[in-house]
Amino acid sequence: MVPVPGGASAPEQPGAVGVRDGGERPDAYFEALLAAGEPVETRDAMPDGYRRMLVRQIAQHAHSEIIGMQPEGGWLTRAPSLHRKAALLAKVQDEAGHGLYLYSAAETLGVSRAELLDALHSGHQRYAATFNHPALTWADTGAIAWLTDGAAVVNQVPLCHTSYGPYARAMRRVCQEEAFHVRQGYDLLWSLCRGTAGQREMAQDAVNRWWLPAVALMFGPPDTATGADDRTAAMGAALTRRSMAWGIKRHTNDELRQRFVDNCVPQAERLGVVLPDPAIRWNEERGHYDFSPIDWQQFREVLADGSHCGRQRLAHRVAAHEDGAWVRDAVDAFAARPGRPAADR
Amino acid sequence: MSRPSGNTPWEVFIRPRRGLSHQHVGSVHGADADMALANARDLYTRRGDTVSIWVVRSDAVRASSPSEKDPFFSNAADKPYRYPEYYVALNQDERHGN
């Protein structure tokens, strides 16, 4: 046994940074783990590219969770009943928790939470552009939960078996909670669809606005020939191939997108809303629902920094962080106070 | 150990129900043990009826050294006589071990 240096960079099996399992031939060791379907753990040797791809993906995911609190969070004080308010509050709190699970997983790769938040605030790392759409009515909270969270579940269930252990374990916790998110959103829309004509209209309008962002942006760019023109698909395919070879992703974006559409069509029918895509129809031959190809040009524009709502989301996040600075300072001062009990050191 | 601050990481262990041992679930930040415990409660026990939580400062954990891995754990696999399969079967349909 040797004492290991701890510190902010190394939760979960502390001291991992700089010391690696893998012996003389770290690359062969890593490849052998993947080939055996064994999870890669914090102390295992891993290629730098693998580590960077994970940091990027987990950070993007964590940022999406905490930015994703905003569209629904804005409706907390205007929920139509105590029951809906309690449910929405629990959901928004879960999103904060999901962000923390994921930041904690990213920290096992040797980055600090402060670095990740700086990268979010400065725009060096991104979050899902889906959340750059405004939540205009109460029904939007239902549509976001049913469609956006529903899409997230389709993405996240395979990630419960992603090759990096701490990420997979975080995803298992997240997935257990997402089921509640989707159900309460569907339930909310269900009530509206069985309400007045105005309420039905509000539900349909929200679904109209959140359908395409969910289908397009929650699954990322096309990465197979069926998803888009050759050039776009080839670019997406190269990234996806790398990610799948490393066992980070288990399916292509387009495969998961199709799974999401197949889930939603019967749910929309039961609900009594129309999904805003006239091309949706059952394809007996493929055993899947057909849907319109996505206009990726339009979505590249949403992804650009110029989006008004996107600027608001980020500004709100930065302001919340800056407004909380005095709390962090007070906590640090409290931790460093003279006479602090030894048990806490 | 590093200087205490609000960014100090703590490992979190949860006993999900009676009869089970505490299991590692992840980490939280906290300036002291009480804050870490409160943060762990907020983060890891929003559902289910957790019986108890432990928090341990991440830099207080000692881990076995990777470079000593082979000699350190060698007794587990290299001593077949520690396994029941090594011996004559008690019943006819059981096979001999290696």
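Let me start with the arginine at A:Trp75: the charged end of A:Arg78 sits over the ring of A:Trp75, 4.0 Å from the ring centre. This is a predicted model, so please hear every value as computed from that prediction. A second case of this kind is found at A:Trp246, where the charged end of A:Arg242 sits over the ring, 4.0 Å from its centre.

Now the aromatic pairs. How many are there over all chains? The count comes to 11 aromatic pairs. I will take A:Phe30 and A:Tyr50 to begin with. Their ring centres are 4.8 Å apart and their planes stand at 65°, so this pair is edge-to-face; the cut-off for that class is over 60 degrees. A:Phe30 belongs to helix α1 of chain A, residues 26–35, and A:Tyr50 to helix α2 of chain A, residues 48–67, so to speak of sequence, the two residues are 20 apart and the pair links distant parts of the chain. Are these two residues buried or exposed? A:Phe30 is buried, because its relative accessible area is 1% and the limit for buried is under 20%. A:Tyr50 also counts as buried, at 0% relative accessibility.

The next pair is A:Trp75 with A:Trp138. Their ring centres lie 6.5 Å apart and the planes make 65°, so this pair is edge-to-face too. A:Trp75 is in the loop between α3 (69–73) and α4 (82–107) of chain A, while A:Trp138 is in helix α6 of chain A, residues 138–159, so the pair ties together parts that are 63 residues apart in sequence. Both A:Trp75 and A:Trp138 are buried. To return to A:Phe30 and A:Tyr50, ring pairs link them with A:Trp246 into a cluster.

A few words on chain A as a whole. Chain A has 13 helices and 2 strands. It has 345 residues, and 52% of them count as buried. Taking the contacts in chain A with a separation of 6 or more, 76% are between residues 24 or more positions apart. The accessible surface of chain A is about 16200 Å², and carbon and sulfur atoms contribute 57% of that.

A:Glu177 is in helix α7 of chain A, residues 165–193. A:Glu177 is buried, with a relative accessible area of 7%. Which residues does A:Glu177 touch, not counting residues up to four places away in sequence? In chain A they are A:Asp94, A:His98 and A:Tyr101, and in chain B they are B:Arg46 and B:Arg47.

The other residue is A:Pro158, which lies in helix α6 of chain A. A:Pro158 is buried as well, with a relative accessible area of 11%. Leaving aside neighbours within four places in sequence, A:Pro158 is in contact with A:Arg250, A:His251, A:Leu256 and A:Arg259. A:Pro158 and A:Ser104 are 54 residues apart in sequence, and their C-alpha atoms are 20 Å apart in space.

That brings me to chain B and its sheet. In what order do the strands of the open sheet run? There are 3 strands, in the order β2-β1-β3, and the pairing is antiparallel. The edge strands are β2 (23–29) and β3 (52–57) of chain B, each of which pairs on one side only. From one strand to the next the twist averages 30°.

Strand β1 of chain B covers residues 9–15 and pairs with β3(B) in the antiparallel sense over 6 bridges. Between β1(B) and β2(B) there are 6 bridges, and these two strands also run antiparallel. As for individual positions, B:Val12 stands opposite B:Val55 in β3(B). B:Glu11 stands opposite B:Val56 in β3(B) and opposite B:Ser27 in β2(B). In a regular strand, side chains alternate between the two faces of the sheet.

How many residues of β1(B) are buried? The number is 6 of 7, and the strand is mostly covered. Helix α1 of chain B, residues 33–44, packs on the sheet and touches β1, β2 and β3 of chain B. The direction of this helix makes about 115° with that of β2(B).

To recap on the two chains: in chain A, the ring pair A:Trp75 and A:Trp138 joins parts 63 residues apart in sequence, and the charged end of A:Arg78 sits over the ring of A:Trp75. In chain B, the sheet has the order β2-β1-β3, with helix α1 of chain B packed on it. A:Glu177 touches residues of both chains, among them A:His98 and B:Arg46.

Key:
Residues are numbered from 1 along each chain as its sequence is written. Chains are lettered from A and ligands numbered from 1 in the order in which they are written. This is a predicted model: local features need pLDDT of at least 70, side-chain atom pairs count only at pLDDT 80 or more; totals for chains, interfaces and linings use all residues. Side-chain values use heavy atoms; hydrogens and water are left out. Rings of Phe, Tyr and Trp (its six-membered ring) pair if their centres lie within 6.5 Å; planes under 30 degrees apart count as stacked, over 60 as edge-to-face and the rest as tilted. Helices (H or I, at least four residues) and strands (E, at least two) are DSSP runs, numbered from the N terminus. Buried means under 20% relative accessible area, exposed over 50%, partly exposed in between (1.4 Å probe, protein chains only). A charge sits over a ring if NZ of Lys or CZ of Arg is within 6 Å of the ring centre and within 35 degrees of the ring normal. Two strands pair if DSSP finds at least two bridges between them. Axes are lines fitted to C-alpha atoms, for helices over the stretch in contact, and angles run from 0 to 180 degrees between N-to-C directions. Contact means heavy atoms within 4.5 Å. Accessible areas come from the Shrake-Rupley method with a 1.4 Å probe; for residues, only the protein chains shown count as cover.
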